[in-house]
Amino acid sequence: MMNFPTTVPTEAYLILSAVLFGIGAMGVMLRKSALTMFMSVELMLNAVNLSFVAFARHFGRLDGQIIVFFVMAVAAAEVAVGLAIIVDIFRSRRSVDIDDVNWLRG
Amino acid sequence: MLEQLWLVPVFPLLGAVANLAFGRQIGRTMVSLIAIGSVALSFLLGVNAVLSFMSLSAPHGFQLRLFDWISWGAGSNAVHVADIGLLLDPLSSVMVLVVAGIGLLIHMYSVGYMAEEPGYARYFVYLNLFTFSMLVLVLANNFLLMFVGWELVGLCSYLLIGFWFTRPSAAAAGKKAFITNRVGDFGVLIALFLIWVNWGTFDFFGGPGGAATGVFDDPGRVLATQGVAFAIPMLLILGVTGKSAQIPLFVWLPDAMEGPTPVSALIHAATMVTGGVYLVARAHLLYDQSPDALLTLATIGALTAFVAATVAVVQTDIKRVLAYSTVSQLGFMVLALGSGAYAAAVFHLMTHAFFKALMFLGAGSVIHGLHEQQDLRRMGGLRRYMPVTTWTFVVGWLAIIGAPGLSGFFSKDLILARTFARGLIDPVYLGLYGLALLTVGITAFYMSRMVFLAFFGDFRGGVDDHGHAVIPHESPVSMLVPLVVLAIGSVIAGWIGVPSFLTGGTSPVSAIEVFLAPAVAATGVWEGTLEHLTEIVLTGMSVMVALAGASLAGLLYLSGAVNPVALAMVFSPFTRLFEARWYLDDFYRVAIVSNVARIASFLASFDLAVIGGSVTVVVRTVRGAGSVLRASQAGYVRGYAVTMLAGAFLVLAASWAFR
Amino acid sequence: MEFVVFAVFAAISVTAALFMVLQRNAMYSALFLVLNFFCFAVFFILLGAYFLAVVQVAVYAGAIMVLMLFVIMLLNVAYPEPPDKVLGFLRPFGVVTAVVFAAVLAGVGFGSKMGENASILPRISDPTSGAGIILKGVGAAEAGHVQEVAATLFSRYLFPFEVTSVLLLAAILGASVLVRKRTEHA
Amino acid sequence: MDGLPLLSIVLFLPLAGAVIALFVPGDQPGKSRRLALLVSTVTFLVSLLLWFGFATGTAAFQWEERVAWLPEYGIGYHLGIDGISILLVLLTTLMLPLVILSVSTTITTRVKEFSVMVLLMETAILGTLMSLDLFLFYIFFELMLVPMYMLVGIWGGERRLYAAMKFFLFTMAGGVVMLVGIIGLYLLKGSFDYVEILKAISAPGGALSIEMQLWLFAAFALAFAIKVPLFPFHAWLPDAYAEAPTGATVIMSAVMVKVGTYGFLRFCIPLFPTAAHDAVWTVSILATVGIVYGALIAAMQRDMKRVVAYSSISHISFVMLGLFAMTTESLQGSVLQMLNHGISTGALFLLVGFLHERTRTRMISDLGGIAKVMPVFAGVFTLVMFSSAGLPFTNGFVGEFLILTGTFKNAADGLQPFAIIGASGVVLSAVYLLWMYQRAMQGPVNPAFSSPDDEASNVAGGRTGLVLDDLTARELIVLLPLTALIIWIGVYPRPFLDRTAASVEAISARMAVPQSGVLASGTGARVP
């Protein structure tokens, strides 16, 4: 039987967090659907949350957890406004393809 | 009553303010009453103040400080650059009486002269304002307040010359007068800086409430720095040449005749143009320090007197003859100042105020009677149509050419005598005396020419430019009364300066000089006095010269013995020079005005091209860089996401590498 | 035991994440994301953040994802994406960038050696210095209790907490303005 | 009254008004205009308390307010005024209601936004004048740009966007460099608080090294020189002044550019005395060039507004000359001249605006004989013109005379030539102003215009072309305070000079220019 550590080291959480963050980032870059991009952003946010909580345990302080609350609040706000924008774009373009939305071209 | 001195300038100011505020509503009678009443009150208070002042024992001057002006701080930190205060001394006494007195007469005259004028109230506002400003100028107790009056009279002059501002020539003349004066004021301004730096005060005299030591309490302070002792008088001379229309800045005065004639009489003959003379007389203690400055002044005066007289010979406009005559007479005053005979200058200033105002008003009466005709060639024989005007004018004529017994005789001879006396010490002055004597002859000539052409012979102006018949008529009584008063003044004003060789007094100087002495007596060592016999000879000479000039005019224009046109042909190089006014205007136009304009237009295009252009270059550069960079802004969200992530990656990698 | 749980759920979450990202159907992506959020809740429990775990399920898996699904169904765009025409080069480039980035992040995690002395972040040397809320001597397991969290949130972080409410209010207003039916003058 | 935070009230009243104005419905222009007028008037009335309560004879800051803001960076909310700022604060609070009242017939679109922007501008300007914290000062300094950009860009003339952008970029560029200077100063002295920094610098051994002073001085001076604008940084001015709507031009010329001169006096000179002293010649040359240059170019302009714009460069250069002569007289003159310039230039722009409103042209050649048609207008114009030309018994004379005398007095730095050349600017100002007056206001009446009285009078043909009414009651109300101040300051400037004296003397003492030719002990009076 392998000799598993009894507690999971903080590094493990950080690596997991990095991997999930990378996957999320990949989603933002690969997906053309605004909705899926949005979900990928949520995934990235959660990955960051994970490392905050891991650090909180590591340093024995609550501040990391508190930050997660704020991130969640921001995420909620972001989702509300972001989805509203997507709905708005869909109304005018009948599409959520992000590449159609390039009016800000310089 | 001396404490009420401040009311003397304030009344005209109140009159101006009242007419400015209500002049358009209250009707012409009220406007005239307010305007004349305020000046009359001012005159009466002035007389009263002068009498009170003379009754003081051994008076040098009376100083009345009114309120702080440019000053700040309190206690030991207080700084008094200048305060508002008045000074009454013999010099300002004479000036106040002249200004308020002549001013009063001209206000009265204007009622008739300007009766048909739409801008009636405006005219009297300006005239009252001028009286106020001139009184401030002569009553100020410090240089800065005097400069205020000095500038304000320039303003009023501008406003009144341009009174008929819809005439382009009037508007241009007003501007020319103001700007030319400003050039002169530039010199005064620098002189004021020097005074402040050297004395730390502008007060003429120290006294309670002001500086402990005034400029004139310690005029020798500048002797320590020789340059300053010369510079201040020279800079003030620049102002004098502007205000008193001397070479090289006299060009504005003939143009100033665009204004209404009473204005020409008051401002451009009797009072404002004598401001420069007053300034030098007031500051004579500074001039006494610098013989060089005095000589400059005398030379300017003599040359101006001569040049202006020669130009006057060829003028055909009655007002222009008088204008050049004024310049010439001011030249005499300045010559007197330059000779150190300040009292003589002030004396001539006073007599000149009477007879020149008289002649201007007479000319105004003529113009009025001829329906705005000013050309001498279309006058003639007016004595039959307007007798009062003619005979008062003749009095003025006799006074100015120096007919014995009249005012001009005494004052002009005093100047000649003093210049001659100075010449005994400094021979250059003998040359100036000769020039002045010649000018006396020319003066007699052109003045006689004018009188003969206008009032004698036959009337030549039967038809005006529009073909209407012109019948000359005498002016209304309101215009004639001032003429008569001034004519009387032109006769008797000189009697306060009768030389002692005629009165048989023991004093070497005349009564007016005695009176003025506390204020203007030269402090130098070289004020010469002459033997009575010498004075008699000099007087005889000047009378002879004047007689010769008048006789020549009689031959040319009265008897017709010599044809003036033929004579002019003989002297054509000279007449052309005179008619071109010695080319001074042309010189200014070519050498200064056009060059300044050229520089200015160059700078304007420079500003547009270089200063503005440099901005354009920067803008172009930025815009070019922007158009390169904008290619990267394709507007694709995912593209931005990649860029962001790549950037974050680079930052991380960099911090990893350089950890 | 803890490690085993961690390993299992780590594998699930990574797999779910990959499926989410690679899935062309938005509806399926959303469901995989929900699964992912549950995994995160488990990690929070492992890390002693019990209250957060509850909130994670309630807010993320509950509220946010319901909102998303609602929008997906509202817009009825659960069709497969068309192939990428405009930014085709992004596909390999994006994958590479994301992988490298994740690797770098993970490298940072490995290299930090936090088990010994922290090199990335400063360790609080003196717990009594009062620079923050320090857990009172007990194990980290107690740290996630509601009481502790609340005490911190409503004392030291009171002001940001209040500001957050403003943010949420702004989001509500913004969202309602954006999705409002256009009136005639638009 | 002592307990009230008077400065904060004056400072934020306009801002509060702007916020309230935002809630006025956009289709009720009259309401927002009246609101703006009311708020700015109340602000002015409150600021009068500052004027009357101001203690003379002390250089200390008055009505100081100090609240820690970001204490870890030494940033505080620190307000206070002294003799240097009191006049400008009053000028600002006076000009703004006048501007709002003056534009009611010209600004007819987006009135609400206009009112908001003008009120915002008032707070920004007052903030720069009251701030005693460099960070706070910088915020207000940059805040000034925003409303002014809008005012020019939205309500301006044909090339408004070009002018607005030019103005914005110029001032912004200067401001950013100043920010670097401010941060540099913070790094050296550990505070953004002006009073603290001044104290630290004045302490023995606390002075900055000369290299440091020069760099920081240059950073500050660039921002202010652009704002003033000092030659050759004036490229933004003619376009901005000419294209802006009259109200904005007045705010800019009368008030906003004073922040530049004020900044020189408040920051550049006291904080970096050695560098300032080294810059005396440079600034004097630029100022003197500006005086003559502006005057000559003004004479060449065909647009009345541009004449006034260039004349404004010429006149503000007098202020700069006086500031850097650093004698008591010249500084007093400069501080007063800042006020005078605001009054005279502001009034001139207002008058040109009123004329433009009627004639629909500003080209001098298209006018002519206006004085005949609009006599009251011409009268006021004459007064203001002569005030601008520095005629005695108007405000311009007192200021310019003090500046030139004080500059001349500074023989130690050899500034006499500058005073003399500067004095020639007095001549030139008469040239271009009178020339403009002659061509626009005098001469035969242009047949394109006629007076409303013409029908009654016997003018041939009666009314022709545009009928030009004389000044209305509203316009007279706008001009009355300005003309009254022109005369008041000209005849009795003492209340103004007294208020500035102590602060000015503190600065001139700090700079310690050797004063030549000071009167020695007297030798007795002669006049009884």
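Predicted model: local features only at pLDDT ≥ 70, side-chain atom pairs only at ≥ 80, totals over all residues.

Modeller: Residues are numbered from 1 along each chain as its sequence is written, while chains are lettered from A and ligands numbered from 1 in the order in which they are written.

Biologist: In what order do the elements of chain A run from the N terminus on?

Modeller: Helices (H or I, at least four residues) and strands (E, at least two) are DSSP runs, numbered from the N terminus. Chain A has 3 helices and 0 strands. From the N terminus on, its elements therefore run α-α-α.

Biologist: Is chain A compact or spread out, and what is its radius of gyration?

Modeller: The radius of gyration is taken over C-alpha atoms, and the globule rule is 2.2 Å times the number of residues to the power 0.38. For 106 residues this rule gives 13 Å, and the value for chain A is well over that, so chain A is more spread out than a compact globule. Its C-alpha trace spans about 60 × 30 × 25 Å along the principal axes. The radius of gyration of chain A is 18 Å.

Biologist: Which chains share the most contacts?

Modeller: Two residues are in contact if their C-beta atoms, placed from the backbone, lie within 7 Å. No contact joins chain A and chain D, whose closest C-alpha atoms lie 19 Å apart, and chains C and D do not touch either, with their nearest C-alpha atoms 15 Å apart. Of the 4 pairs of chains in contact, the one that shares the most contacts is chains A and C.

Biologist: Which helix of chain A gives the most to the side that touches chain C?

Modeller: The contact takes 66 residues from chain A and 76 residues from chain C. Helix 1 (10-30), helix 2 (34-59) and helix 3 (63-93) of chain A each supply at least two residues of the side of chain A that touches chain C. With 22 residues, the element that gives the most to that side is helix 3 of chain A.

Biologist: How many residues of the side of chain A that touches chain C are nonpolar?

Modeller: Ala, Val, Leu, Ile, Met, Phe, Trp, Tyr, Cys and Pro count as nonpolar, Asp, Glu, Lys and Arg as charged, and the others, Gly among them, as polar. That side includes 12 polar and 8 charged residues. Its nonpolar residues number 46.

Biologist: Which residue is the bridge partner of B:Phe67?

Modeller: Two strands pair if DSSP finds at least two bridges between them. In chain B, 9 bridges join strand 1 (residues 62-72) to strand 2 (residues 79-88), and the two run antiparallel. Strand 2 is mostly covered, as 8 of its 10 residues are buried. In strand 2 of chain B, the partner of B:Phe67 is B:Ile84.

Biologist: Is B:Ser478 exposed or partly exposed?

Modeller: B:Ser478 lies in helix 18 (residues 477-492) of chain B. Not counting residues up to four places away in sequence, B:Ser478 touches B:Met108, B:Tyr109, B:Val111 and B:Gly112. Because B:Ser478 has 15 C-beta neighbours inside 10 Å, it counts as partly exposed.

Biologist: What distance separates the end C-alpha atoms of helix 13 of chain B?

Modeller: Helix 13 (residues 318-338) of chain B is mostly covered, with 20 of its 21 residues buried. The expected span of a helix is 1.5 Å times one less than its number of residues. For helix 13 of chain B this should be 30 Å, which agrees with the distance between its end C-alpha atoms, 30 Å.

Technical notes. Buried ≥ 20, exposed ≤ 12 C-beta atoms within 10 Å, placed from the backbone.
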